[in-house]
Amino acid sequence: MKNTTSHRNVLIKSLLGAAVMFMFAMFVLPPLYDLFCEITGIGGKTGDAYTATEVVVDTTREVEVQFVATNNATMPWEFYPVEHKVVVHPGEQKEIVFYAKNLTGMDMVGQAIPNVLPNNAADYFLKTECFCFNNQPLAAGDDAELAVVFIIDPDLPASVNTVTLSYTIFDITDRGSMQVSQLK
Amino acid sequence: MAHGPSESFFSRWLFSTNHKDIGTLYLWFSFAMFLLGGAFAMVIRAELFQPGMQLIEPEFFNQMTTMHGLVMVFGAIMPAFVGLANWMIPMMIGAPDMALPRMNNLSFWILPFAFAILVSTLFMEGGGPNFGWTFYAPLSTTYAPDTVNYFIFGVHIMGASSIMGSINIIATVINMRAPGMTYMKMPLFVWTWVITAFLLVAVMPVLAGAVTMMLMDINFGTSFFDAAGGGDPVLFQHVFWFFGHPEVYIIILPAFGVVSQIIPTFSRKPLFGYSSMVYATASIAFLSFIVWAHHMFTVGMPIAGELYFMYATMLIAVPTGVKVFNWVTTMYKGALTFETPMLFSIAFVILFTFGGFTGMMLSIAAADTQYHDTYFVVAHFHYVMVAGAVFSGTAAVYYWLPKWCGRMYDETMGKVQFWIAFIAFNITFMPQHFLGLAGMPRRYSDYGLQFADWNMVSSIGAFMYGGAQLLFLFNVIRTIGWGKPIDDPKVWEGAEGLEWTLPTPAPFHTFSTPPVLK
């Protein structure tokens, strides 16, 4: 009988261990990965909406900000930045515009995902307003001007003189009501 | 009370709780899967025999590469070693049976269903999984055929089976060793398996997590791996290889154990460096958890990450080198004979080491950019998986088959099979190194003309290698049915260990009273 209890012991402990590893993979690894990327800036993810505070504009320094627009795989929209680059002073608030047009005959929903290069600039690229915070429904043939308001943090590392902000636009029509903001 | 097996065929095999019968079931199932996965490989090599598209559509080719990998890894190699564990571990540690015999039955009998589900997708609209055995998202999510849900369900069942099998082994080894069988007296096959079992319990749930996240992305609108919803496809690769790297050691560690049993027998010397073998196995198992990203050097990692994973990977060569050294030293000045199991084991040591060296080349992050996803990688992992796990499994069957059925296999046929397999294996995979270094990418159904010659050579080798397996099947069936009866408990002159104190053939129930150890 001693054997039966110790078998059950091993069984229960091992199954618990397996369950813990499953939970670890499902609920710990993804947030851990996001956290790691956020700390290191790998992946160029930018933060959520930033509330502007009074900062001193550093007029002695100029940073070139370039804009790139990419259509993901099968996304058929026309999508490009109206200006391809601007020069700003760190701390200065700047508004720029992307243009999107639904070229198809169907109502569609798009979602732009931002990315900043170099990686060590991602934390210093602050967006007070961005069309990427919401999805973009466009009826068949409609177009829209999509605004981004951003501030470059004056703490931007001195080695960075050029920052590239890239948007990839995805077709999320089939995803129904799911929005990025709900997932975060 | 001596009970024999049930009289009725169905109740004997369907309801069996006997470790030997379940081991036999595992071994036959894995051999069937080996032939199926081999048939897929033959389709691949037939299509690649010449440049251009001859036999099949590219879409079906992708399904073949995917199914070949999945069936071989999860259906052939892993169940084969679980079968060997079932047969041998109780006999090696002096236990009457496995600790949890009913769970043992369950863990085997869900496997055929898992593979029926997986293989049935080939006959469905949209075809089977076509995203490679590594099923990277978004190929396996956004762009997958609808049958991906069957694949996910199949993987879940396989994982459950592996976890239950492992728990059984852990419980057996911890609780059921004969009096006096201390941990450091256990045969190395038992040691490597118990370490493997811990690895399996740790990482199969991670695989289950990965496919569950896929399932939710596909069907329930989450975005774990979907960039459009704020997820990240690279996360999939991290989760997968966090499972996948320990997985390759799960496949090879029991193979190490088998070879560590066979080489001393035919060298007529004890294994050199037993305790260092145990520690090396444990070190390899530990290191397997911290090197996963060397599979993804080209994904865009920071340089610090590449360096870390490069050096950590190279570190694995140290315990592995200890093992190879010990095997060679066991043979050194031994009274060697070259029966079929020994031939396969020596070939294992040589070819596995070769595969290890190409692994070292691949571990160099800077050079991996060139080798990544080429046939060089394909050649590398077939040297460690086929010449490693499959050769070792074949050696194990030849080594223990006389014990199992009380009949001797045909030595000449075994040796013929060995030489065909050894030569054909190298004809198949050696040229793939050259193809890979010349830049031929893996997983494509067609290739540039400059790759034509070596591909034809490789295909010819593959057909020969496939033929050698049919000879193996024939030899095994012939032995069981018509082999020369033997009754020497030791079978092999130099064999040591509890399993060789039992009568030959091994009775249905063994060690009902624990043996006494010296």
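Trainee: Where is B:Phe511 found?

Mentor: In this predicted model, B:Phe511 is found in the segment after strand 2 of chain B.

Trainee: Why is B:Phe511 called buried?

Mentor: Its relative accessible area is 11%. Buried means under 20%, so B:Phe511, with 11%, is buried.

Trainee: What is phi of B:Phe511?

Mentor: Phi of B:Phe511 is near 55°, a positive value in a residue other than glycine. B:Asp373 likewise has a positive phi of about 55° although it is not a glycine.

Trainee: Is B:Asp373 buried, partly exposed or exposed, and how do you know?

Mentor: The relative accessible area of B:Asp373 is 35%. Buried requires a value under 20% and exposed a value over 50%; 35% lies in between, and therefore B:Asp373 is partly exposed. B:Asp373 is found in the loop between helix 13 (365–371) and helix 14 (375–405) of chain B.

Trainee: Which class of accessibility does B:Thr504 have, and what makes it so?

Mentor: B:Thr504 has a relative accessible area of 7%. This is under 20%, so B:Thr504 is buried. Its place is in the segment after strand 2 (484–485) of chain B.

Trainee: How do you know that the side chain of B:Thr504 makes polar contacts?

Mentor: A polar atom of the B:Thr504 side chain lies 3.0 Å from the backbone oxygen of B:Asp488. For the backbone oxygen of B:Pro489, the distance to a polar atom of that side chain is 3.5 Å. The cut-off is within 3.5 Å, so both pairs count as polar contacts.

Trainee: What kind of peptide bond joins B:Thr504 and B:Pro505?

Mentor: A cis peptide bond joins B:Thr504 and B:Pro505, with omega of about -5°. B:Pro505 is found in the segment after strand 2 of chain B. In chain A, a cis peptide bond joins A:Leu117 and A:Pro118, and omega is about -5° there as well. A:Pro118 lies in the loop between strand 5 and strand 6 of chain A.

Trainee: How many helices and strands has chain A?

Mentor: Chain A has two helices and nine strands. From the N terminus on, the elements run α-β-β-β-β-β-β-β-β-β-α.

Trainee: What makes strand 2 and strand 6 of chain A edge strands?

Mentor: They belong to an open sheet of four strands in the order 2-4-8-6, with antiparallel pairing. Strand 2 (78–81) and strand 6 each have a single partner strand, so one side of each is left without a neighbour in the sheet. Neighbouring strands of this sheet are turned by 25° against each other on average, direction ignored.

Trainee: How do you know that strand 8 of chain A pairs with strand 4 and strand 6?

Mentor: Strand 4 (residues 93–101) and strand 8 are joined over nine bridges in the antiparallel sense. Five bridges join strand 6 (residues 125–130) to strand 8, again antiparallel. A:Val97 stands opposite A:Ala147 in strand 8, while A:Leu126 stands opposite A:Ile151 and A:Cys130 opposite A:Val148.

Trainee: Why is strand 8 of chain A called mostly covered?

Mentor: Strand 8 (residues 143–152) has ten residues, and seven of them are buried. For chain A, buried residues make up 40% of its 184 residues.

Trainee: In what order do the strands of the five-stranded sheet of chain A stand?

Mentor: The order in this open sheet is 3-1-9-5-7, and the pairing is mixed. Strand 3 (85–88) and strand 7 (136–138) are the edge strands, as each pairs on one side only. Strand 5 (residues 108–117) and strand 9 (residues 162–171) pair in the antiparallel sense over eight bridges. Within that pair, A:Gln111 stands opposite A:Phe170.

Note on methods
Residues numbered from 1 in each chain as written. Chains lettered and ligands numbered in written order. Predicted model: local features only at pLDDT ≥ 70, side-chain atom pairs only at ≥ 80, totals over all residues. Heavy atoms only, no water. Pairing = 2+ DSSP bridges. Buried < 20%, exposed > 50% of the residue type's maximum accessible area, 1.4 Å probe, protein only. Polar contact = N/O pair within 3.5 Å; in protein donor to acceptor, adjacent residues only side chain to side chain. Axes fitted to C-alpha atoms, helices over the stretch in contact; angles between N-to-C directions.
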